[in-house]
Amino acid sequence: MAQAADHPTYGPELEGFDYPYEVRHFKFTSQGIDVQMAYMDVKPQVPNGRTAVLLHGRNFCGATWGATIAVLTNAGFRVIAPDQIGFGKSSKPLGYQFSIPQLATNTKQLLTSLNVTHIVMIGHSMGGMITMRFCLMFPNALEQSVLVNPIGLEDWQGEGVPFADIDEGIKVEKATTFESIKQYEQKFYYAGQWKPEYDRWVEMAAGLWTGPGADVVTKVQARVAEMIFLNPVAHEFEHIKVPTVLMIGQLDRTAIGINRASPDVAKRLGNYPKLGRSAAKRIPNAKLIEFPDLGHAPQIQSPEAFHKALLKALDVDKTPHGTNSQESRGRV
């Protein structure tokens, strides 16, 4: 595995980066392009008849859910954790028209191929944004959704954040390094704090951005950034009919485009305590769980507290085991 500035680099489909469970590939055609979607499908020893689908954030991948997969399978869930097209070990097609509805559709196609219906969908960060769109598009496929510090609780462009085109986005993505990712996350995700165990996920993302497939990865991620900015769901919360749990780390201040916003706009963005409470009031059948001392990735900062709350939210009357197994570290 190549090294860059004492940090590992990885291939364009995260070659060289280990996942905690077997990785499979769903091959299909999307927008006239042959692509493959990587995913883990982990069966429990004692099934409870329920299936959980875990959706990663933009700077994470399916492997980030390793500890959660262990906890949920221990509780009897079948767990499916995909990498979205453009991410992790999945295809990164140039010229692909990325949209949140497209990624939700791809996820539905994967589940249909596996004959999986009536799921619990748990989405973190960008994965939470996809989960909300999935709820709006395919409500009959879900029994429950869980949104873990989802992005998309506010409309950044509507709030006054200026648009940045893909050419500008490519410049930003090409400038990405381990240190730039770490500094961003430390400031906006973890309220200025940092633990060594967070480094693994920074290395995963930085190693992808700076590896041998960097040219493709950075061009794809510029489109992803535009997708997130231009595909708000914040105006449609009242239409979400699926029973929903919001799990919100109160120290989170993540906001897309905040670095290019004016000071007056920037200071009101990313207020997750306010955003979470507002969303919980607007989404029918919503329940809010707040973590006062945690940030953007509560499942990473405090796996034990997060998993205890998650199992309770899923009506699993069982103490989680395996919280420290295989993967308990992360980043979004």
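Me: Is strand 8 mostly buried or exposed?
Reply: Buried. This is a predicted model, and in it six of the seven residues of strand 8 (residues 142-148) are buried. So the rest of the structure largely encloses strand 8.

Me: How many bridges join strand 7 to strand 8, and do they run parallel or antiparallel?
Reply: Six bridges, and the two strands run parallel. Strand 7 covers residues 119-124.

Me: What does the chain pass through from strand 7 to strand 8?
Reply: Helix 3, residues 126-137. This β-α-β crossover is right-handed.

Me: And which residue stands opposite S145 in strand 9?
Reply: T244. Strand 9 (residues 244-249) pairs with strand 8 in the parallel sense, over four bridges.

Me: Zoom out. What's the strand order in the open sheet?
Reply: The order is 3-4-6-5-7-8-9-10. That is eight strands with mixed pairing. Strand 3 (24-30) and strand 10 (286-291) are the edge strands, and each pairs on one side only. On average, neighbouring strands are turned by 20° against each other, direction ignored.

Me: Which strands does helix 12 touch?
Reply: Strand 7, strand 8, strand 9 and strand 10. Helix 12 packs on the sheet there. Its direction makes about 165° with that of strand 10.

Me: Now strand 6. How many of its residues are buried?
Reply: Five of the five, residues 78-82. So strand 6 is largely enclosed by the rest of the structure.

Me: Which of those residues point which way?
Reply: R78, I80 and P82 point one way, and V79 and A81 point the other way. In a regular strand, side chains alternate between the two faces of the sheet.

Me: Helix 1, then. At what angle does helix 1 cross helix 12?
Reply: Roughly 40°, and the axes come within 11 Å. Helix 1 is residues 66-74 and helix 12 is residues 303-313. At that angle, helix 1 is oblique to helix 12. The crossing is right-handed.

Me: Which residues meet there?
Reply: A67, T68, V71 and L72 in helix 1 meet F306, H307, L310 and L311 in helix 12.

Me: Last topic, the loops. What is phi for N115?
Reply: About 60°, a positive value although N115 is not a glycine. N115 lies in the loop between helix 2 (100-113) and strand 7. N115 counts as exposed, because its relative accessibility is 70% and the cut-off is over 50%.

Me: And S125, is that buried or exposed?
Reply: Buried, with a relative accessible area of 4%. S125 lies in the loop between strand 7 and helix 3. Its phi is also positive, near 55°, and S125 is a residue other than glycine.

Methods. Residues numbered from 1 in each chain as written. Predicted model: local features only at pLDDT ≥ 70, side-chain atom pairs only at ≥ 80, totals over all residues. Heavy atoms only, no water. Buried < 20%, exposed > 50% of the residue type's maximum accessible area, 1.4 Å probe, protein only. Pairing = 2+ DSSP bridges. Right-handed = clockwise from strand over helix to strand, strands pointing away. Axes fitted to C-alpha atoms, helices over the stretch in contact; angles between N-to-C directions. Parallel < 35°, antiparallel > 145°, perpendicular 65-115°, else oblique. Left-handed = near helix turned anticlockwise from the far one by under 90°. Contact = heavy atoms within 4.5 Å.
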